[in-house]
Structures are given as structure tokens and as C-alpha cells.
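Work through the exercises below with the structure in view. Try each task before reading its solution.

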Amino acid sequence: MRAVIQRVTRAEVKVDGESVGKIGGGLLVLMGAGADDTEADCEKLADKIVKLRIFSDENDKTNLSVNDVHGDILAVSQFTLYADCSHGNRPSFINAGEPKRAEQLYEYFKAQLAAKLKGNVQAGIFGADMKVDLLNDGPFTIIMECIGGKIV
């Protein structure tokens, strides 16, 4: 399972011009499920994201989590995180999870975030053509991967 985590001042996702998820300060999480990912990967990744200390404290040190700052999370599915660009110029997505299973993992991942987060979890719509608008704070962006229930 892969995630791109961005600290944001605001983020919104729209489908067909309609807002389906919107947050103020917090995290935008782009999440992709791989072919071999499991619920254990969702649990570990959600736990790590909620506890990730990337917000500034009173001394301007990145020492606070999204829970510490009462932030929200906008979770957006993105299978393109599994793009393989090693051959030719057209990415292959052979390592991405099968859509039905990937959607189940995305829903489970969102539920795990909601169970661990003090704030709100908003989300995009799996498989939809989404437009994501954000104001990256910092900018602060982290790429994380969980394989076999372990962050690597």
C-alpha cells in the first residue's frame, strides 16, 4: 500500500464539478492499493499517518500530529501510485490492486483513519474522475509504503 501525505491548509475533491470532500487544515492522503495488500497494511498505514508528527509546535519544531492540531484528513484513492515507468513511456499499472479488492481496501483504510482520528475524515469517490484542489502547507509532502503490515 502506498500513500502520498501532504500537510495542507485546505483541500477539496470534486466529481463532476460537485464537491464530495473538503477539509481545512490537516492532511491530504493519496492512497493506492497494490495487488498483494491486506487489511493489516491499511491498519498500519492509517495508524502511522495519524501519529505522524509533521505539524509545528510552539517552538516551530515539527513535533505535533494531525490529532494534536485537531486537523482533518481528506483521503483520495489513486491507483496511479503503482505506475511502473521502467519500460517505455507509457506507465504500466500491473502492480496496482484489482479494482474490486482495491475499493474494499480503500473503504477499510478510510474506516481505520476515522477510528483513529479526532477530527473528520472526508474522501473522494473510488474510481471516479476526481479533481483535487489543495494548498500544500510548507510544502510538506511524504511518501510512505506499507508492505506485509510494516512501514518500509
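**Exercise 1. Count the aromatic pairs and classify each one.**

Solution. The structure holds two aromatic pairs. Rings of Phe, Tyr and Trp (its six-membered ring) pair if their centres lie within 6.5 Å; planes under 30 degrees apart are stacked, over 60 edge-to-face, the rest tilted.

- Step 1. F79 and F93 are 5.0 Å apart, centre to centre, with 65° between the planes, and the pair is edge-to-face.
- Step 2. F79 and F93 both lie in the loop between strand 6 and helix 2, 14 residues apart.
- Step 3. Y106 and F126 form a tilted pair, with 6.1 Å between centres and 40° between planes.
- Step 4. Y106 lies in helix 2 and F126 in the loop between strand 7 (121–123) and strand 8, so this pair ties together parts 20 residues apart in sequence.

This is a predicted model: local features need pLDDT of at least 70, side-chain atom pairs count only at pLDDT 80 or more, and totals for chains, interfaces and linings use all residues. Residues are numbered from 1 along each chain as its sequence is written, and side-chain values use heavy atoms, leaving out hydrogens and water.

**Exercise 2. Decide whether Y106, F126 and F93 are buried or partly exposed.**

Solution. Buried means under 20% relative accessible area, exposed over 50%, partly exposed in between (1.4 Å probe, protein chains only).

- Step 1. Y106 has 0%, so Y106 is buried.
- Step 2. F126 has 25%, so F126 is partly exposed.
- Step 3. F93 has 32%, so F93 is partly exposed too.

**Exercise 3. How many bridges join strand 1 to strand 2?**

Solution. Strands pair if DSSP finds at least two bridges between them.

- Step 1. Five bridges join strand 1 (residues 2–15) to strand 2 (residues 18–23), and the two run antiparallel.
- Step 2. A11 stands opposite I23 in strand 2.
- Step 3. The hairpin has two residues between its strands, and D16 takes a positive phi near 55°.

Note on methods:
Helix = DSSP H or I, 4+ residues; strand = E, 2+ residues; numbered from the N terminus.
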